[in-house]
Amino acid sequence: MTVERYESSVVAGPGGVMTDEVGVITGEVTVRTEVDGAHVTISIQYLDADEWYNVEGSPLRSSDGQGLGLHQAIVQAVRRGLPDGLAGLRS
């Protein structure tokens, strides 16, 4: 199975981004979207760090053809801030 992977570096917006492992991450970050079959995993790391953290609410269910478009939407949401994790993406 092919895994689609997209990464973008951005500055997290007000309130940062909530993660499962370490709470809120702020500042310059790299956002990774991985589409693997029926799941989409959204991860984030401090820019140039080694550790990746799952954004709260990840993984999502995948629907065909949503990879790059979903990644771009998540990057925009990170720029606005996701202090409630992916729940904030839906609001």
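This is a predicted model: local features need pLDDT of at least 70, side-chain atom pairs count only at pLDDT 80 or more; totals for chains, interfaces and linings use all residues.
1. Secondary structure. Reading from the N terminus, the order is β-β-β-β-β-β-β-α.

2. Overall dimensions. The C-alpha trace spans about 35 × 30 × 20 Å along its principal axes. The radius of gyration is 12 Å, which agrees with the value near 12 Å for a compact globule of 91 residues.

3. Burial and contacts. Of the 91 residues, 38% are buried. Take the contacts between residues at least 6 apart in sequence: 52% of them join residues at least 24 apart.

4. Surface and charge. The protein exposes about 5000 Å², and carbon and sulfur atoms supply 46% of that area. There are 6 positive and 13 negative side chains. The centres of these two sets lie 7 Å apart.

5. First salt bridge to check. The structure holds two salt bridges. In one, the side chains of E34 and R5 meet at 2.4 Å, N to O. E34 sits in strand β4 (residues 28-36) and R5 in strand β1 (residues 4-11), so the pair links parts of the chain 29 residues apart. E34 counts as buried, because its relative accessibility is 18% and the cut-off is under 20%.

6. R32 and E7 meet through their side chains at 2.8 Å, N to O. Here too the pair links strand β4, which holds R32, with strand β1, which holds E7; the two residues are 25 apart. R32 is buried, at 16% relative accessible area. E7 counts as partly exposed, at 43%.

Methods
Residues are numbered from 1 along each chain as its sequence is written. Side-chain values use heavy atoms; hydrogens and water are left out. A salt bridge is a side-chain nitrogen of Lys or Arg within 4 Å of a carboxyl oxygen of Asp or Glu. Helices (H or I, at least four residues) and strands (E, at least two) are DSSP runs, numbered from the N terminus. Buried means under 20% relative accessible area, exposed over 50%, partly exposed in between (1.4 Å probe, protein chains only). The radius of gyration is taken over C-alpha atoms; the globule rule is 2.2 Å times the number of residues to the power 0.38. Contact means heavy atoms within 4.5 Å. Accessible areas come from the Shrake-Rupley method with a 1.4 Å probe; for residues, only the protein chains shown count as cover. Lys and Arg count as positive and Asp and Glu as negative; His and the chain ends are not counted. The place of a charge is taken as NZ of Lys, CZ of Arg, CG of Asp or CD of Glu.
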